[in-house]
Amino acid sequence: MNKTLLIFKHEFLLTIKRAGYIVLTLIIPILALLAIGIGLLVKSLSESPEQHTVQIGYVDELGLVDEVVQEGLTRFIPYASKEKANQALTSYEISTYIIIPADYLSSGTIQRFTLEKESATSPSVATSIRRFLSGNLLKDKVSPEVLNLVVSPLDMEVSRITAQGEEALGQRSFFNVIIPGVFALLLSLALMFGASSLVSSLGEEKESRLIEVLFSSVSMRQLLVSKLLAMGLAGLLQVLVWLISAPLLLQLASTAFGGLLSVIEIPGNFLLLGTIYFILGYLLFAVLSIGVGAITPTAREGNQLSMIYVMLGFVPLWFASLLFAFPNGLFSVILTLFPITAPIQNMLRLGITDIPLWQIVTSIGLLVLSIALGLYLSIKIFRIYMLMHGKRPGLKTIMKHLKST
């Protein structure tokens, strides 16, 4: 037991000290913090104190209002006549002014005056003026709740109807896909680098004959299980860093910039299921890497062979557009259940739709079964080929040796 813990500690520290692991773990939080910092710096430099509040004058011939009105970052200042408004405009006290004519209720037309050469009113100014007029026209006629609905932007939720005329389950905003999509990409990169490092480690130990020394002190099962658990714990540490930092970074970015960032949400079940699929994916790829490391005589050849299952894991990302169009289609369900593609596929699906419970349970069960079976076979393969130094055996040879042992 002490030997197992010793090997586990060594392999875990070796994994987390690799430059690729450190960069991949910290690159997203660091880049996000840098982006937020640069964005805030640019925002602060581009905004002068005068730009925080836009001054708009108005001449009210209709008699709607006769006071200074604050609409967000826009201040509306009343003037008794067009001449006084002109003086304020030419002295740069205001950026523009409008005249609300006495027949506005029947004509629906107002005049705007500015010093700039403009072909059309900017959307931000037009929106502020529209809110100002609507609010003052209705303030004494409707309740504050109705007034707020009139002047506020429309908030519309979209639901999809299936071909059978039923509302689709789990209809999600496009922005809810962003966090699961980023994590799916990170997982695919983590699996690729993790598989590569484990195959390289085994290959180097075989090439240097170090593995023969190790097997003289510990059993094969102890060595391989220790490597597997070390890689799993390293993956758990990695995903915890991302899962803890993601909500904090999202909240920081939303507070700093608002806008589209404020509507991005993390699906409720993503934290739990995302962690489960992340760890199981890490363990599955580790088991496959052990098997590849057992039958390949060199680290270089092992990394080339490992690209087969690494590329299979990327399939959900290659067909992401098809997944968005048909999240519950047959192809999507197949990728959900197939162990190699399940971790990345289900991370993406969690942001798009609600995955049926039976699919989640089945995919997790198949992953656990694949890990257990893969570890059993990998240990047997390693026992047969651990001292091999020559040509890599073919699939038929491997199957023949497995049956004979």
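Mentor: Start with phenylalanine 285 and tyrosine 309: both are buried (under 20% relative accessible area; exposed is over 50%, partly exposed in between; 1.4 Å probe, protein chains only). The model is predicted, so local features need pLDDT of at least 70 and side-chain atom pairs pLDDT 80 or more, while totals for chains, interfaces and linings use all residues. Numbering starts from 1 along each chain as its sequence is written, and side-chain values use heavy atoms, without hydrogens or water.

Now the wider search. Across the whole structure, six aromatic pairs turn up (Phe, Tyr or six-membered Trp ring centres within 6.5 Å; planes under 30 degrees apart are stacked, over 60 edge-to-face, the rest tilted). One of them joins phenylalanine 278 and tyrosine 282. Their centres lie 5.7 Å apart, with 35° between the planes, a tilted pair. Both residues sit in helix α10, residues 270-295 (a DSSP run of H or I, at least four residues, numbered from the N terminus). They are four residues apart, about one turn of the helix. Phenylalanine 278 is buried, at 0% relative accessible area. Tyrosine 282 is buried too, at 3%.

Back to phenylalanine 285 and tyrosine 309. Their ring centres are 5.6 Å apart and their planes stand at 75°, so this pair is edge-to-face. Phenylalanine 285 belongs to helix α10, but tyrosine 309 belongs to helix α11, residues 299-313. The pair therefore ties together parts 24 residues apart in sequence.

Elsewhere, Tyr58, Phe76 and Phe132 make up one aromatic cluster.

Key: Helix = DSSP H or I, 4+ residues; strand = E, 2+ residues; numbered from the N terminus.
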